[in-house]
Amino acid sequence: MTSGSGRSRELEGKVALVTGAGSGIGYAIAERFAHEGAAVAIDYLGHSEDAQALARDLSAEGAKAVALEADVTNAAAVEALIAQVVERFGSLDVLVNNAGIEKSQPLLEVDEASWDRTLAVDLKGPFLCLQAAARRMKESGGGSIVNISSIHEDFPFPSFTPYAAAKGGLRMLMRNAALELAPLGIRVNNIAPGAIATPINAATLADPAKVQRLQEIVPLQRMGTPEEVAEVALFLASGRSSYVTGSTYFVDGGIVRHAEPL
Ligand code: NAD
């Protein structure tokens, strides 16, 4: 089958699971993948109505889509989620570990509960999903796993220590997994977004001074869009990136090359 432009669709016949896809970057990735022919499972926790509406709208357009509620920090829920995807669509070819949270707290005020929750959602969740998905991909001969990390997998983020620690961990989870899973035909890569206009940045988006500051320090002079992240996710999910594994792709408008401290 071809897309509206006449070219063949890049994920035709593939099955993709996107976690935390009821909003923001995950939502855009699920939508883009479906438009490229994938059957998509839209995992959500919160944003229930948006996730259900996305699945409904995509199905109405003729795509295969389902919204499934699952907390990625819960191993049993993740197992059940992956099993549901395989039962519904027959396989699992692409996993996008997108679900994530962050909380602004100076290091000396970080409490144990917020450390535990941030590490659980941003690091343990991707591990649980990656492991459960890779076990299925091993059976079917391969797949692609894409983790949405952050520029803070590499660069410090004062007042967001648990988040930066989790994203740094996600970088090494990706690198280890890429090596261990390569013989199984499973590629693993990260996308490191910079400042993207999504609900996670609601406070910044509501403050014109902060938006102005970002425009000054981002070399491309603006925040990115979820669709711009989805474009790179599509590349990493598809066969076009068949020789790419163990890499992080920065989608950040050049911000990590900026000379001034953030
Ligand atoms: P977002 O808040 O819209 O998306 C995060 C999603 O994860 C939400 O839908 C939320 O409900 C879901 N979620 C939270 N906990 C979950 C759980 N336990 N199980 C399942 N889903 C859960 O924000 P976003 O910007 O779209 O964030 C997506 C990813 O991108 C996150 O991993 C975030 O860290 C990363 N990221 C975003 C930016 C940015 O500037 N927006 C920059 C770097 C990295």
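**Asking how we know**

Guide: Let's start with leucine 68, which is buried, with a relative accessible area of 10%. This is a predicted model, so local features need pLDDT of at least 70 and side-chain atom pairs count only at pLDDT 80 or more, while totals for chains, interfaces and linings use all residues. Residues are numbered from 1 along each chain as its sequence is written, and side-chain values use heavy atoms, with hydrogens and water left out.

Visitor: Why is leucine 68 called buried?

Guide: Buried means under 20% relative accessible area, exposed means over 50%, and partly exposed is in between, using a 1.4 Å probe and protein chains only. Leucine 68 has 10%, so it counts as buried. You'll find leucine 68 in strand β3; strands are DSSP runs of E with at least two residues, helices are runs of H or I with at least four, and both are numbered from the N terminus.

Visitor: What does leucine 68 touch, leaving out residues up to four places away in sequence?

Guide: Its partners are Ala41, Ile42, Asp43, Tyr44, Leu81, Gln84 and Val85. A contact means heavy atoms within 4.5 Å. As for leucine 17, it is 51 residues from leucine 68 along the chain, and their C-alpha atoms are separated by 9.8 Å.

Visitor: Where is serine 159, and what is its phi near?

Guide: Serine 159 is in the loop between β5 and α5 (161-181), and its phi is near 75°. With a relative accessible area of 28%, serine 159 is partly exposed.

Visitor: Is glycine 22 buried or exposed?

Guide: Buried: its relative accessible area is 4%, which is under the 20% limit. Glycine 22 lies in the loop between β1 and α1. Among the residues that glycine 22 touches are Asp43, Tyr44 and His47.

Visitor: What makes a group of residues a nonpolar core?

Guide: A core is a set of buried Ala, Val, Leu, Ile, Met, Phe, Trp, Tyr and Cys residues joined through side-chain atoms within 4.5 Å. The largest one here has 36 residues, and Ile29, Phe33 and Val40 are among those with the most contacts inside it. Helix α8 (226-237) gives the largest share of this core, 7 residues. Apart from it lies another core, of 31 residues, among them Val66, Val78, Val85 and Leu130. In soluble globular proteins, nonpolar side chains tend to be buried together.

Visitor: Which residues does phenylalanine 33 contact, leaving aside neighbours within four places in sequence?

Guide: They include Leu11, Ala16, Val40, Val96 and Leu234.

Visitor: How do you know that the radius of gyration agrees with a compact globule?

Guide: The rule, taken over C-alpha atoms, is 2.2 Å times the number of residues to the power 0.38. For 262 residues that gives a value near 18 Å, and the protein has 18 Å, so the two agree. The whole protein has 8 helices and 7 strands, and buried residues make up 50% of the 262.
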